[in-house]
Amino acid sequence: MKTEHLVKMVNQIELFFRSEPNRETAIAGIAGHLRRYWEPRMRREIVAHLAQGGSGLGELAREAVRRMSA
Amino acid sequence: MLSKFDIDYGTPERPATATVALEINDVAVSVPAGTSVLRAAQQAGHPIPKLCATECLEPFGSCRLCVVEIAGRKGYPASCTTPVEPGMKVRTQSPELAKLRRGVMELYISDHPLECLTCAANGNCQLQDMAGTVGLREVRYDAAGANHVRDSRKDESNPYFSYDPSKCIVCSRCVRACADVQGTFALTIDGRGFASRIVAGQNESFLASECVSCGACVQACPTATLIEKSISDAGQPDRSIITTCAYCGVGCSLRAELKGNQLVRMLPNQDGHANHGHACVKGRFAWGYATHADRITKPMIRSSITEPWREVSWDEAIAYAAREMRRIQRDYGRDAVGVTTSSRCTNEETYLVQKLARAAFGNNNTDTCARVCHAPTGYGLKVTLGESAGTQDFDSVDQTEVIVVLGANPTDAHPVFGSQLKRRLRQGARLIVIDPRSIDLVDAPHVRAAYHLQLRPGTNVAVLNALAHVIVTEGLANERFVAERCEADAYAKWKTFIARPENSPEAMADITKVPAPLVREAARLYATGGNAAIYYGLGVTEHSQGSTAVMAIANLAMLTGNIGRPGVGVNPMRGQNNVQGSCDMGSFPESFPGYRHVSDAATRQLFEAEWGVTLQHEPGLRLGNMLDAALDGSFKGLYVQGEDIVQSDPNTTHVTAALAALECLVVQDLFLSETAKYAHVFLPGSTFLEKDGTFTNAERRISPVRKVMPSPSGMEDWQITLAFAAALGYPMNYSHPSEIMAEIARTTPTFQRVTYDQIDAQGSIQWPCNDANPTGTPVMHVGSFVRGKGYFAITEYVPTDEKTSSSFPLLLTTGRILSQYNVGAQTRRTENVAWHGEDLLEIHPHDAENRGIRDHDWVGIASRAGDTVMRARITERVAPGVVYTTFHFPESGANVVTTDNSDWATNCPEYKVTAVQVTRVSQPSSWQRNHTRFSDEQQRLLRKREHAQRAAAATEVPERQRS
């Protein structure tokens, strides 16, 4: 799948959760959304993208993907 | 006329807890208070003659045929307009009454043609019946009157019914039906006295007038004045079956009337719980597609889309599809195949297809077309309220004081509910419309919106937040309700967020283009005007913030306490008949039936035990993801049941490239759809008339779909899926769809008590239907929310990425029109094209003038995704800077222009916001020229199949002759 498309999608998810005042809750929200709704190959690809620098990922999205891969 | 299989009780039923006891012809009778004497007598088995009265309409009291004698009263009151009273003694027959009635009938007949034997209504004519009932034996007036002769004023303009004024008795039933039932007010009585006649519009033909062809007038007519052409052609029906409409999410109950296996008329069921005896131009009339010559009724296969189709047996087609899917899974992995269904399929069919994906394919790659319409509703309402469904029944609107219509166009897209809504507005309810267009409800006959917030496309969340901001900051919130029913921490956080100045109407006005005072006044009305209900449609969901907007709607309802009782609530207007059902049935890749996540071990174990397989615990691919993966090379096989994704999904070029990359595309459909042109296996599907099952409408109402004629392919859709599963090595054993429903009930708590017997007994059931609610649940979240406490989600407005620019200065938004349905596969193959034969681009006069565009010019519409050409319609229904079109015709290529932007939570496409430029052009776009070439080639390949069929038939005949 196109990585830039996945980056756009995860950044959109970040834009919803960023209004959550608690940063930890926001990151957990993004990661939880990816686990519940993204098919594993999509998650693998976004994790692989992060491993290569994760260009384009928003700050909270980056942290959520990092925690998901841990 | 009403169905001859129905009893017409003369006046509407009066629901009341109190009853009234009276005597009719010395028989003691007890009926609900408010019941007319006419109805009470009919119910008691003492029918009174009537002409201007029908149970579809409020009583009128004009024909004087239903006169009765009431002890202690002078004269002969009309029983239709006389309510029962305690102790009343009624006599329905006496020499005086008989004389009066014969006199009335004689006058009616004096002005009516006497050609009953050849009249289309013969066999179901109330005038004829009444003449017999009252014993009319003589007409003292000669038959030379002008109206005794078939005159030249017969109006045949409407494709579905004719109007013959010579047969009109001026009972006004049609006029009243148009006004009271439909709410269009297209009909009136022109002329005076003997010259009085019904006319449409400004004395125009029916087709040219504002008549919406709902057929209520035809149904109300007691003679052959207004009569269905199908009845004129075929004669009266000899049997009827109750079933459910296959069009929009209202889910009207219909009575299919047949002669043998020939459908001759479709009438709304008087006892239909969703429609109460009303229907629209689609449900009532547009069923001719079922027998259209374009139907493909034989299975076909081909190894490449450049090859001609080859007609094969069912066994060969199914075996080929199964072999190919298994080969793909061997070559590319278990997850390289998937399924998608349509909301035009029944519950049982969608249940089976997702089961096939999960149990036979062994993955969760299942989706449904709700992905591209109401997936955000499922997500947003689950998060905030705890259940992915609307909260009310349609009848709830009868107790609503303030109606908010947001991103929906009920009079076009949900016309029968639109009529119910208009009726409530005429009774005095206030209306707030939030829509970029001036939809009909903004200013209709006897209906006018109190406020029309004509927002810029893409700014729903900004407007919803501004409304909530006003309610919070002006102290209009129902704090007691919130404290009792909602999560306190979440509310506190949300309240802080929404009270920020940046959410105020004044701050948002630049973004939304809605004047702040208008927003403030609308917010005050919603919060303080009494029972308030929100009705929303795809104008909410089909945005990059679709799910956020749904949550913002739920927030508003909770904030004002407008949820959990009749008259209020959150009401998603589902686009297609079974959107709710297909979602309920576990069609989404992350959830089993009943919206239970695949990661939930207990639910998974339940289905593993039921289905005898091990199930995946990870979500599968959504349809859009499947298409992306197809282009990526990791997804190679797709089974599509009933959905035309090429026409309905956004960014057509992207979709077709993905389908062209598949190694096996199996399409189960009625026609060679745009999607089927890319298919390798075609499995001929069955229409809703040709199978059993159930649909679940926007109210969570499960209604019966009943087979009224055999499927021309010999297989019903559920049987095809069974055969496919068996060929994949996973046999499913059901002998009837009722057994599928039994399995659904066994495994899904909200369907626990649903059975076909119960549906038949009640007529329909609204889920949840379980031990706690054995007959169903009209209103949800009474007392507490399904999730326990209601959750206020923070709904920050995030502008869409789709921005206007100097290259693309206009915003395109898309929608639907009354006479056509979705991709038009059904309605384009009916006479409904008389009203809408092509998609048009609506453009404001200022924008048109700036571009030198005149009405009906060809215009090019270019976006960042693609470009297409259609004709322009210049109208002030759209605001300057906004253009609008529909997507009912494949050649118009509306979705060539829409982008692959989508909702952040569900990937529902952002159909409602596309930046475009519009220019005058003189020829079709390059996409259209390519589409024409491709479609012509696919039709040629289909015809080659037909040639082969004829050749085979030609060789068969001599063989038979030889024997």
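α12(B) gives the largest share of the lining of the largest pocket, six residues. The model is predicted; local features need pLDDT of at least 70, side-chain atom pairs count only at pLDDT 80 or more, and totals for chains, interfaces and linings use all residues. Residues are numbered from 1 along each chain as its sequence is written, chains are lettered from A and ligands numbered from 1 in the order written, and side-chain values use heavy atoms, without hydrogens and water.

**Pocket**

- The largest pocket holds about 1300 Å³ of space. A pocket is an open set of points on a 1 Å grid over the protein atoms alone, where a 1.4 Å probe fits, with protein on both sides within 12 Å along at least five of seven lines; lining residues have an atom within 4 Å of a point.
- Of its 39 lining residues, B:Pro12, B:Glu13, B:Glu55, B:Gln270 and B:His276 are closest to the centre.
- Two or more lining residues each come from α4 (173–182), α5 (216–220) and α12 (415–426) of chain B. Helices (H or I, at least four residues) and strands (E, at least two) are DSSP runs, numbered from the N terminus.

**Sheet**

- Five strands of chain B form an open, parallel sheet in the order β20-β17-β16-β21-β22. Strands pair if DSSP finds at least two bridges between them.
- β20 (451–453) and β22 (569–572) of chain B are the edge strands.
- Four bridges join β21 (residues 532–536) of chain B to β22(B). B:Ile534 stands opposite B:Val570 in β22(B).

Methods: Points joined across faces, edges and corners; volume = space filled by probe spheres on them.
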